[in-house]
Amino acid sequence: MNRNKIIMYALYGVVLIAGILIGSTFFAGHGDRSHGSQENAEAAGHSQDAHGHAEAVEHSHDTHEHIDGQIWTCSMHPQIRQNEPGKCPLCAMDLIPVNASDGAENTDPEAIQLSEEAIALASVQTSIVRRGNPVKEIRLFGTIRPDERLIRSQVSHVDGRIERLLVNTVGETVRTGQTIAIIFSPDLLNAQQELIEAKKLAYIQPALLTAAREKLRLRLLSDEQIAQIEQSGTASPGLEIKANVGGIVTARRIEQGDYVNQGSVLLDLADLSSVWGVFDAYEADLPYLKVGDRVDYTLRSLPGKTFSGKISFIEPMLDATTRTAKIRVETANPRGELKPEMFADAVVNSSPQHLTNEIIIPRTAVLWTGRRSIVYVKQPGMDTPTFKLREIELGPSLGDELIALSGIREGEEIVTRGVFVVDASAQLEGKSSMMNMPN
């Protein structure tokens, strides 16, 4: 039994030793290969580092040559200008290269050059500065109103009671001589009886007949009514009240059955054969308006038609709230197309007498920077379109045009469209612009 155990342990020992020998042989070979691979990798890495360093040096040299003389700026703060890329010290945005103008022919460092392609894409347009007599276009807004001189009141010329009212609606048209009411008047009845008695004694006292007729005429009875009373020989307590004037009823002051006194207003009538256009003019436009100026205006209710008139009156007082003065324009209205309270839009082309032969420029050519006004003037004699900022002094506004008092001369060429594009290019190049003007 002990002998068998010894043999078994011996076999286990032989197997263990054999396994150790085989394992050491295997791992020794693998370690040599790994070591060789590591050395090869390190050698390759050193080779790549050397190559990369060479490329980096070459790239750095190329980059240095590329940015040499290049200016970098911030798109949000064009006043920032550096010789190398980086971050804006104000907003930390990446700096961008400045597309500097070609300085080969640009002798002025503050001028900005744009290629023909850039001008075409931005629709930049220019025009020649001219002189002329300013014409200011003034727009006015108002309404149509009745001519106050043609407004009349129909009154009762006798005391009495309105038995029947024949005109009883506002807006109704009344003709001169039309019967508007029938009134019962005891006083008028007595006056008629006096006329009848005077007629009987006319051959003895003709003056009495004349006095009786005149008494009825003072009560605005017509000659036909008086003659009818004389022929009939009877007095009527009811009398027809005739309209003394014609027009449109604007107000009715009585009701049927009312008792009225002599001089009581029955109706208000407006003659609309001539009307007023009453417009509001701002105080800045008043120096350019005068009595007699022609005014053309249109009505929103009658599109396509233009009405004309002349200024007949300008109110001497301004409205404290609206800062406007009323302008009155008289217009004939034979067909009655113009009705009170219609809205009207007027245009007046005024030529100020104190402004002649002035420099006139389009409003679109001017940029405002607070108290300053600037334009961009095209530099003459340049192959590449070149523009330079110019500060000017402005005079009165003419609507779409402005008067330039100083800073620009007749014959110069200025940018009239696309001014913001030219100014933005100047800002990106760090040159004088609307946001960066020299003191």
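Ala344 sits in strand β20, which spans residues 343-350. Welcome to this predicted model, in which local features need pLDDT of at least 70, side-chain atom pairs count only at pLDDT 80 or more, and totals for chains, interfaces and linings use all residues. Residues are numbered from 1 along each chain as its sequence is written, and side-chain values use heavy atoms, with hydrogens and water left out. Helices (H or I, at least four residues) and strands (E, at least two) are DSSP runs numbered from the N terminus.

**Ala344 and its surroundings**

- Ala344 counts as buried because its relative accessibility is 1%; buried means under 20% relative accessible area, exposed over 50%, and partly exposed in between, using a 1.4 Å probe and protein chains only.
- Gly277 is 67 residues away from Ala344 along the chain, yet their C-alpha atoms are separated by 7.6 Å.
- Leaving aside residues up to four places away in sequence, Ala344 touches Leu140, Phe141, Gly142, Thr143, Phe279, Tyr297, Thr298 and Leu299 (contact means heavy atoms within 4.5 Å).

**The barrel**

- Six strands close into a barrel with antiparallel pairing, in the order β7-β16-β19-β18-β17-β20; two strands pair if DSSP finds at least two bridges between them.
- On average, neighbouring strands of this sheet are turned by 40° against each other, direction ignored.
- Strand β7 (residues 136-146) runs antiparallel to strand β16 (residues 274-282), and six bridges join them.
- Phe141, one of the residues that Ala344 touches, stands opposite Asp280 in β16.

**Helix α3 against helix α4**

- Helix α3 (residues 186-200) and helix α4 (residues 206-218) have axes that come within 8 Å and cross at roughly 155°; axes are lines fitted to C-alpha atoms, for helices over the stretch in contact, and angles run from 0 to 180 degrees between N-to-C directions.
- That angle makes α3 roughly antiparallel to α4 (under 35 degrees counts as roughly parallel, over 145 as roughly antiparallel, 65 to 115 as roughly perpendicular and the rest as oblique).
- The crossing of α3 and α4 is left-handed, a term for a near helix turned anticlockwise from the far one by less than a right angle, with right-handed used if clockwise.
- From α3, Leu188, Ala191, Gln192, Glu194, Leu195, Ala198 and Lys199 meet Leu208, Leu209, Ala212, Arg213, Lys215 and Leu216 of α4.
- By class, this contact of α3 with α4 has eight nonpolar, one polar and four charged residues; Ala, Val, Leu, Ile, Met, Phe, Trp, Tyr, Cys and Pro count as nonpolar, Asp, Glu, Lys and Arg as charged, and the others, Gly among them, as polar.

**Helix α4 against helix α5**

- The axes of α4 and helix α5 (residues 223-232) come within 10 Å and cross at roughly 130°, which makes α4 oblique to α5.
- α4 and α5 cross in a right-handed sense.
- Leu209, Arg213, Leu216 and Arg217 of α4 meet Asp223, Ile226, Ile229 and Glu230 of α5.
- The contact of α4 with α5 has four nonpolar, no polar and four charged residues.

**Positive phi angles in two loops**

- Most residues other than glycine have a negative phi.
- Ser123, in the loop between α2 (116-122) and β5 (125-128), has a positive phi near 55° and is partly exposed, with a relative accessible area of 32%.
- Arg323, in the loop between β18 (302-314) and β19 (324-332), also has a positive phi near 55° and is partly exposed at 37% relative accessibility.
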